[in-house]
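Dear colleague,

Please find the structure below, handed over for your own work.

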Amino acid sequence: MNILFCFVSDGKVFMEYIGATGKPVTMDEVPIDDGIDFHFILSFAIDADASGNPQNGIFKPYWASSLTPESVDAVKSKHPNVKAMASLSGWSLGSTTLRWYKPENSQTWISNAFKSLKSIIQTYNLDGIDIDYENFPRHNESFSYCIGELITYLKNQSVISVATIAPYRLTTIPYVQLFAAYGGVIDYVNHQFYTDKVRTTEAYLEDFRLRTAQFDKEKVLPSYEIDGRGIQGEAFFDALHILEENGFDINGIMIYSADASASTNLTTKFYYEQKSQEFLLNSSRKS
């Protein structure tokens with residue numbers, strides 16, 4: 001999905017999830033460098049009612065109420081390099097764990113999903129979708145087909161210009177199947193490296209080698225969880241340097257999440273957002 005703006009000469013992207021926790025967080029709090037192709041990923045749009053019951057492809061936005069259509073318009077007006085996306089599903093809705101389910105009729109599900117997401121995308125002035133289903137039944141063959149066809153349809157109808165997927169260590173297989181069949185319409189892989197239980201730079205390098213072999217090394221983005229799991233602190237940036245030293249191009253970075261950054265105890269809030277964007281810009285200048 002090469003949809004990069006002409007003023008982003010090297011195509012470096014920064015992606016951050018926002019709005020998943022329900023905490024009041026706004027996009028204008030987050031530092032944005034105008035030299036980066038910056039993506040806010042609104043979390044989440046869910047194919048379920050408020051009780052978590054599946055709705056056969058009819059998605060509704062459940063992200064923080066502070067993330068309004070007006071706020072998206074405002075940040076995009078101030079920063080023309082900003083895109084906004086809807087992430088689909090996530091882990092849970094309230095106390096209900098969300099799961100991919102096999103639709104009774106795949107074509108009906110795809111049609112419902114297309115119509116409902118088109119409405120959300122137009123209402124919020126969004127640019128794309130992120131796929132973040134995290135729980136699957138034993139037989140999940142319908143996932144690859146339904147999601148792949150949905151992305152293809154949305155792109156072919158010019159409803160979206162960007163699509164990403166967000167596998168983690170226990171969902172690799174269905175996402176590998178999806179990418180193998182529909183990789184041409186998937187722009188980036190936001191693999192959740194922080195779920196892989198790697199805490200050293202050497203382990204991060206080996207994990208990155210594994211995930212780039214499973215997907216596409218040009219599309220896999222390193223990721224970091226604020227005050228969370230996996231490698232933490234300055235070791236993350238050390239790992240990025242080691243990736244470069246071992247021949248990997250760092251085309252972007254994904255961070256989870258702005259919600260956590262907004263409530264962090266760090267003296268400088270959004271430190272990792274700022275430093276990640278600085279890293280990408282410096283990396284661009286060296287290449």
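Asp-37 is buried, with a relative accessible area of 0%; here buried means under 20% relative accessible area, exposed means over 50%, and partly exposed lies in between, with a 1.4 Å probe and protein chains only. This is a predicted model, in which local features need pLDDT of at least 70 and side-chain atom pairs count only at pLDDT 80 or more, while totals for chains, interfaces and linings use all residues. Residues are numbered from 1 along each chain as its sequence is written, and side-chain values use heavy atoms, with hydrogens and water left out.

Asp-37 belongs to strand S2 (residues 37–46); strands (E, at least two residues) and helices (H or I, at least four) are DSSP runs, numbered from the N terminus. The side chain of Asp-37 is joined to that of Lys-83 by a polar contact of 2.9 Å. A polar contact is a pair of N or O atoms within 3.5 Å; within protein, one must be able to donate a hydrogen and the other to accept it, and residues adjacent in sequence count only if both atoms are side-chain atoms.

**Nonpolar cores**

The largest nonpolar core has 78 residues, of which Phe-40, Leu-42, Trp-109, Ile-131 and Tyr-133 touch the most other members. Such a core is a set of buried Ala, Val, Leu, Ile, Met, Phe, Trp, Tyr and Cys residues joined through side-chain atoms within 4.5 Å. Helix H2 (residues 106–124) supplies the largest share of this core, 8 residues. A second, separate core of 11 residues includes Val-13, Val-162, Ala-166 and Tyr-188.

Not counting residues up to four places away in sequence, Phe-40 touches Glu-16, Ile-18, Met-27, Val-30, Ile-32, Val-75, Val-82, Lys-83, Ala-84 and Met-85, where contact means heavy atoms within 4.5 Å. Met-85 is found in strand S4 (residues 82–90) and counts as buried at 0% relative accessibility. Beyond its neighbours within four places in sequence, Met-85 is in contact with residues including Leu-42, Leu-126, Asp-130, Val-162 and Thr-164. Thr-164 is placed in strand S8 and is buried, with a relative accessible area of 0%. Its side chain makes a polar contact of 2.6 Å with that of Asp-130.

**Helix H4**

Helix H4 (residues 172–182) has Thr-172, Pro-174, Tyr-175, Leu-178, Phe-179 and Tyr-182 as its buried residues. Seen down the axis of H4, these fall within an arc of 170°, so they line one face of the helix; the arc is that of the directions from the helix axis to the C-beta atoms. Ile-173, Ala-180 and Ala-181 are exposed on the other side of H4. Among the elements against which the buried residues of H4 pack are strand S7 (128–133), helix H3 (141–156) and helix H5 (201–214).

**Aromatic rings**

Rings of Phe, Tyr and Trp (its six-membered ring) pair if their centres lie within 6.5 Å; planes under 30 degrees apart count as stacked, over 60 as edge-to-face and the rest as tilted. By this rule there are 25 aromatic pairs. The rings of Trp-100 and Trp-109 have centres 5.2 Å apart and planes at 70°, so this pair is edge-to-face. Trp-100 counts as buried at 3% relative accessibility, and Trp-109 is buried with a relative accessible area of 0%.

Ring pairs also link Phe-193, Tyr-204, Phe-208, Tyr-224, Phe-236, Phe-237, Phe-248, Tyr-271 and Tyr-272 into a cluster. Lys-275 lies over the face of Phe-237, at 5.0 Å from the ring centre; a charge sits over a ring if NZ of Lys or CZ of Arg is within 6 Å of the ring centre and within 35 degrees of the ring normal.

**Backbone points to check**

The peptide bond from Tyr-256 to Ser-257 is cis, with omega near 5°, and Ser-257 lies in the loop between strand S11 (252–256) and helix H7 (258–262). Asn-56, in the loop between S2 and strand S3 (60–61), has phi near 60°, a positive value in a residue other than glycine. Asn-56 counts as partly exposed, at 29% relative accessibility. Ser-158, in the loop between H3 and S8, has a positive phi of about 60° although it is not a glycine. Ser-158 is exposed, with a relative accessible area of 63%.

Yours sincerely
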